[in-house]
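Here is a friendly tour of one protein chain, written for someone who likes to look at side chains. Please have the model open while you read.

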Amino acid sequence: MNDLGKGFGYLMKGQRWVGGRGRWLGLGLLPGLLTLVLYLGALVGLVFGADDFVAWTTPFADGWSSPWLGIFRGTLTALTLGLGLFLAVITFTAVTLLVGQPFYESLSEEVDRSEGGEVPQSGNSFWRDLWISARDSVRIVLRVAVYGIILFALGFVPVLGQTVVPVLGFCVTGYFLAEELTAVALQRRGMLLKDRLRLLRGRRMLTLGFGVPLALAFLVPFVAVFLMPGAVAGATLMARELAPVPPAPAPDNADNTDNADNTDRTADTDHDNATAGPAAAPDRTATLPGAGYGGPVSYQHPGRAPQQPPR
């Protein structure tokens, strides 16, 4: 349960991070606003066309008597709108990240830089990273669609469909929202989609603590736009715990300073030895064991005058 609170804490830390840096917040609103306009148009079309869509897909119910026809198609219409909103919340993040790819990459790098340590780089070109992000987003959307269909079917179960299923829906939404957002930082660390999913499964409560509150907030369209930059920053902070980066290497000038100090110390030592004169020179006489009864024998280094052993 501690991880639930910690995940929510990362979400708040990300919002505070961009809140203290107005430039990043201002630039981060542009991709979200553009995506919001597109999604609002699609959702308005879904609201006005949901009844016709349900009637077109259920021709077998045309002959049903009232009130069963209205109850059946009304329930299907509500579930269709709920599924559309569910998919919109999930894909909104993916589309916004694609539209704002250059900005959010820079934002994530700046968060890493401000927190200290080495700033990971993917080493790929911009177009390569964009292709990987788009491909992974499609895979995530397909996974979400599978879960959405299952939850849609479970929605017909009495009581369970009106209580447990919505909770599961928000958990699934929050989990994959967290995956989409942490992908910005984890992809720079060279992690593939399967590795990222395995990493998040290992800290499921942390992931849900970050993603579920965000999924609830994203139900309000304008809130989603304003939270998006902070969500990327918070996801980067969380990614630093999930996949820590090594500390930044010491500056080169520090090594040069150490070398210079060692050089100075060596020079000082040589100078002291030179000025000390012959008296300070080390004694190179070694005493070896004597043969027979003659006592110890002195060994003199070649090139020096012979010395007499002590009497």
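Predicted model: local features only at pLDDT ≥ 70, side-chain atom pairs only at ≥ 80, totals over all residues.

Residues are numbered from 1 along each chain as its sequence is written, and side-chain values use heavy atoms, with hydrogens and water left out.

**The chain as a whole**

- The secondary structure consists of ten helices and two strands; helices (H or I, at least four residues) and strands (E, at least two) are DSSP runs, numbered from the N terminus.
- Along the sequence, the elements follow the order α-α-α-α-α-α-α-α-α-α-β-β.
- Of the 311 residues in the chain, 36% are buried; buried means under 20% relative accessible area, exposed means over 50%, and partly exposed lies in between (1.4 Å probe, protein chains only).
- Among contacts with a separation of 6 or more, 76% involve residues 24 or more positions apart, where a contact means heavy atoms within 4.5 Å.
- The chain exposes about 17700 Å², and carbon and sulfur atoms supply 66% of that area; accessible areas come from the Shrake-Rupley method with a 1.4 Å probe, and for residues only the protein chains shown count as cover.

**Salt bridges**

- Side chains of opposite charge can pair when their charged atoms come close.
- The structure holds 14 salt bridges, each being a side-chain nitrogen of Lys or Arg within 4 Å of a carboxyl oxygen of Asp or Glu.
- One of them joins the side chains of R73 and D62, at 2.5 Å from N to O. This pair links distant parts of the chain, with R73 in helix 3 and D62 in the loop between helix 2 (22–57) and helix 3, eleven residues apart.
- R73 counts as buried because its relative accessibility is 16%.
- A salt bridge network links E105, D112, R188, R189 and R240.

**D136 and its two arginine partners**

- Which residue meets D136 in a salt bridge at 3.1 Å, N to O? The partner is R196, and this pair links distant parts of the chain: D136 sits in helix 5 and R196 in helix 7 (residues 193–202), 60 residues apart.
- D136 also meets R139 in a salt bridge, at 3.9 Å from N to O.
- D136 and R139 are about one helical turn apart because three residues separate them in helix 5 (residues 126–154).
- Is D136 buried or exposed? D136 counts as buried, at 5% relative accessibility.
- R196 is buried too, with a relative accessibility of 2%, whereas R139 is partly exposed, with a relative accessible area of 41%.

- T80 belongs to helix 3 (residues 68–99) and is buried, with a relative accessible area of 15%.
- Leaving out residues up to four places away in sequence, T80 touches L46, F53, V54 and F152.
- L29 lies in helix 2, where it is buried at a relative accessible area of 16%.
- What does L29 touch, not counting residues up to four places away in sequence? The residues touched are V225, F226 and P229.
- L29 and P229 are 200 residues apart in sequence, yet their C-alpha atoms are 7.2 Å apart in space.
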